[in-house]
Amino acid sequence: MEGMELLLSRLDSQRASPSVQEAAAKAVLQRLLPTHLSSFEFKIVSKDVCGGYSCFWINNYNSSSRKGPEIIIKGTTAVEIASGLHWYLKYWCGAHVSWDKTGGVQIASIPKPGSLPIVKDEGVMVQRPVPWNYYQNVVTSSYFVRLADVTRKEESQGHGDGRMLDPTEEYLINHDNEDLHKSSFAHSGDTDHMRDSYVWWDWEKWEKEIDWMALQGVNLPLAFTGQEAIWQKVFKNFNISKEDLNDFFGGPAFLAWARMGNLHRWGGPLPQSWLDEQLVLQKHILSRMIELGMTPVLPSFSGNVPEALKKKFPSANITRLGEWNTVNSDPRWCCTFLLDPSDSLFIEIGEAFIKQQIKEYGDVTDIYNCDTFNENSPPTNDPTYISLLGAAVYKAMSKGDKDAVWLMQGWLFSSDSTFWKPPQMKALLHSVPFGKMIVLDLFADVKPIWETSSQFYGTPYVWCLLHNFGGNIEMYGLLDAISSGPVDARISKNTTMVGVGMCMEGIEQNPVVYELMSEMAFRSEKVQLEEWLKTYSHRRYGKAVHQIEAAWKILYRTIYNCTDGIADHNKDFIVQFPDWDPSLDHGSDMSKQGQMQKLFTRRRTRRFSFRETSSDLPQPHLWYSTEKVINALGLFLEAGNDLAGSLTYRYDLVDLTRQVLSKLANQVYLDAVTAFQQKDAKALSIQSQKFVKLIADIDTLLASDDNFLLGTWLESAKKLAASPSEIRRYEWNARTQVTMWFDNTKTNQSRLHDYANKFWSGLLEDYYLPRAAIYFSFLSRSLRENETFKLEDWRREWISFSNRWQEGTELYPVKAKGDALAISEALFKKYFS
């Protein structure tokens with residue numbers, strides 16, 4: 001593809017010097033493995049050395065000195081060198097590099113300096129089969145979670161509203177938790193950790209993430225930090241004041257959706273200190289990406305404008321959009337304003353935005369993201385009109401940067417497929433010169449668009465893994481699709497594939513999925529997964545344990561073999577409690593285990609349209625045999641004596657135990673509802689108490705690992721605040737996003753409530769547990785008084801409770817408590833023996 005070759009050549013010519021990149025790769029090694037800094041030599045080479053491709057080349061360093069370098073890694077950029085380092089550490093030294101939140105690094109298996117394994121005489125060269133390895137979704141910045149050091153040590157001062165539990169339930173919960181704590185000993189972690197959306201990040205946290213990107217081979221990362229400060233400077237030239245922008249920008253936890261024009265003002269305003277600090281941070285981020293040879297993707301103008309612009313330019317073609325998941329179209333944050341791309345003002349603003357970025361950052365990229373029609377359809381399906389819109393969007397970019405390339409998320413072709421038929425798709429994709437647009441086939445792991453669109457009608461595209469919605473915590477994946485999908489796409493007839501990508505909404509979960517997906521950037525053939533998983537488990541835990549190998553065989557065929565075509569969004573009843581009237585007869589006995597295997601059969605692809613109705617029970621996604629996964633958990637527990645000291649093992653054990661118990665809770669909930677429908681008050685009491693006890697037990701389990709704590713999420717939000725009022729606002733942002741999410745009325749919950757739900761200790765005990773207790777108390781009262789279920793009263797009660805919790809300031813632990821292995825063993829014995 002001639003257009004892509006020209007783009008790649010131009011970007012190659014603009015990269016940092018070899019000495020800068022070599023030093024940047026050496027710095028990655030120093031941060032990852034300082035003991036071996038002198039064991040490796042790094043060298044930048046041209047693509048000619050790699051047969052015209054990007055590659056890394058691992059060789060023995062020919063030297064008689066035992067104290068000098070042992071391994072030399074050559075690469076076309078620093079990213080390739082870091083990828084080669086990672087590849088060597090994995091496949092020669094048995095090491096493992098994961099996000100901190102998913103267990104961190106396992107480097108104990110790496111031999112001491114002077115004893116590193118040699119490679120075969122001619123060395124090992126690994127080429128990229130496609131040029132790009134893309135990273136991030138436009139909403140990752142808000143759903144993203146990770147770890148960082150924190151100094152706060154306060155323990156929780158609140159445990160929910162006790163009046164919502166009857167005395168029997170309260171006794172059983174406290175009694176069971178007491179037993180579990182007695183069976184455990186204090187967890188002794190090396191450091192305290194904090195989990196936070198990267199909107200709360202400082203440079204230290206970003207540096208570690210960029211290192212992770214480099215080791216995984218990411219060379220095309222989204223770089224969206226700090227754009228509000230750019231917009232402030234641009235709009236100032238159009239007479240838009242800071243006060244006007246207070247109504248335009250969303251709060252920190254909701255920035256992604258304000259940027260996309262889905263909402264405005266919600267969670268804001270943003271203080272000037274925030275804007276200034278984020279701009280400085282973005283400059284650090286871009287500088288490091290450039291040093292490593294990455295090509296950052298910067299934002300561009302999509303047409304989303306402040307309301308004030310309409311007043312300043314009354315003749316401009318500015319349209320107020322319809323509501324986006326609001327309850328009653330509240331104009332305070334609903335119905336944003338879109339400047340039509342055909343208006344000359346669109347070109348003017350778009351050009352100004354690109355030029356302002358170049359002024360601030362330098363000429364660091366030619367690739368810009370724009371998603372004008374993300375869940376907002378054009379006003380007409382006329383292909384001619386759509387073509388004119390696309391051409392105008394690109395014109396605004398190209399006037400700011402003559403070499404601009406438009407990178408577009410292809411989500412609209414999945415989420416609004418009824419609108420984007422072939423004529424409309426072609427009109428948009430062909431509205432720019434060939435080679436000036438790259439499409440992200442965002443959902444290719446489940447619903448690849450390239451197959452049904454003649455390779456995006458000739459437009460270059462990136463095969464992407466979406467995988468995670470809402471930053472949910474759920475063990476889920478399609479390993480076979482990841483192993484084969486990119487290869488099938490690349491070797492298909494008339495392929496226009498130019499890269500692979502990871503576009504999850506929230507990261508740092510399911511590490512096996514992202515380890516495999518990262519490798520596909522360097523694999524030209526399909527992976528033999530059973531053997532790969534065997535070596536993966538050896539690397540991840542630092543040793544071979546046969547029970548673990550057997551467990552991963554089961555997990556591969558169950559949890560990580562979802563072939564039903566359903567996008568996974570965790571709707572387990574604990575974290576997305578049903579808002580419905582159980583008095584209604586759905587014509588089946590829901591207590592039967594077989595029914596659970598058929599749940600959630602409705603196909604959903606639109607991220608933000610999971611609204612429930614009082615007549616329809618939202619049903620969790622279940623695509624595997626729960627019995628087999630319980631057996632896998634048993635095998636994990638059997639390996640505990642061999643792996644008890646491994647942080648990666650502990651994370652996986654806690655996550656797998658949580659997965660198993662949450663699916664059990666789904667069945668318990670259905671049994672409780674069945675008892676209610678059969679007017680069996682005793683059975684209802686037993687099952688509802690069991691459900692509430694399960695929530696409490698899972699909370700105790702999650703509390704035993706630093707990576708599943710609510711307190712660290714809240715503290716990270718407050719840590720960045722510069723005043724008491726900012727502390728309250730940021731904490732409200734953090735609490736609201738993981739619970740109610742968006743607006744509500746007294747009797748109508750948010751249409752997005754529980755969308756970003758999390759299995760976090762503290763959130764279960766203080767939010768999900770009281771909410772479930774309220775619900776079951778309404779069911780019990782309904783049977784006791786022989787009256788219909790008071791659905792509106794229930795809604796009023798729990799929505800009020802939720803709003804109070806969002807406004808709360810209770811402190812939650814930021815340090816794990818208890819021994820995960822002992823707690824998991826106790827729970828396994830309690831529920832499955």
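**Briefing: core, cavities and an open sheet**

The largest nonpolar core comprises 273 residues, among which Phe-413, Tyr-669 and Phe-691 touch the most other members. Helix H24, spanning residues 647-677, gives the most to this core, with 16 residues. The model is predicted. It also holds 13 cavities of 30 Å³ or more and an open sheet of eight strands.

- Beyond its neighbours within four places in sequence, Tyr-669 is in contact with Phe-573, Phe-577, Pro-578, Trp-580, Leu-617, Phe-691, Tyr-775 and Phe-776.
- In soluble globular proteins, nonpolar side chains tend to be buried together.

**Largest cavity**

- The largest cavity contains about 240 Å³ of space.
- Its lining consists of 18 residues, and those closest to the cavity centre are Gln-227, Arg-259, Met-260, Ser-300 and Ser-302.
- Two or more lining residues come from each of helix H7 (227-236) and helix H9 (255-259); H7 gives the most, with three residues.
- By class, the lining of the largest cavity divides into 10 nonpolar, five polar and three charged residues.

**Open sheet**

- The eight strands follow the order E10-E7-E19-E18-E17-E16-E15-E11, with parallel pairing.
- Strand E10 (220-221) and strand E11 (298-299) form the edges, each pairing on one side only.
- Within the sheet, strand E17 (residues 437-441) runs parallel to strand E18 (residues 461-465), and three bridges join the two.
- Asp-441 stands opposite Trp-463 in E18.

Conventions:
Residues are numbered from 1 along each chain as its sequence is written. This is a predicted model: local features need pLDDT of at least 70, side-chain atom pairs count only at pLDDT 80 or more; totals for chains, interfaces and linings use all residues. Side-chain values use heavy atoms; hydrogens and water are left out. A nonpolar core is a set of buried Ala, Val, Leu, Ile, Met, Phe, Trp, Tyr and Cys residues joined through side-chain atoms within 4.5 Å. Buried means under 20% relative accessible area, exposed over 50%, partly exposed in between (1.4 Å probe, protein chains only). Helices (H or I, at least four residues) and strands (E, at least two) are DSSP runs, numbered from the N terminus. Contact means heavy atoms within 4.5 Å. On a 1 Å grid over the protein atoms alone, a cavity is a set of points where a 1.4 Å probe fits but cannot get out, and a pocket is an open set with protein on both sides within 12 Å along at least five of seven lines; lining residues have an atom within 4 Å of a point. Grid points are joined across faces, edges and corners, and a volume is the space filled by probe spheres set on the points. Ala, Val, Leu, Ile, Met, Phe, Trp, Tyr, Cys and Pro count as nonpolar, Asp, Glu, Lys and Arg as charged, and the others, Gly among them, as polar. Two strands pair if DSSP finds at least two bridges between them.
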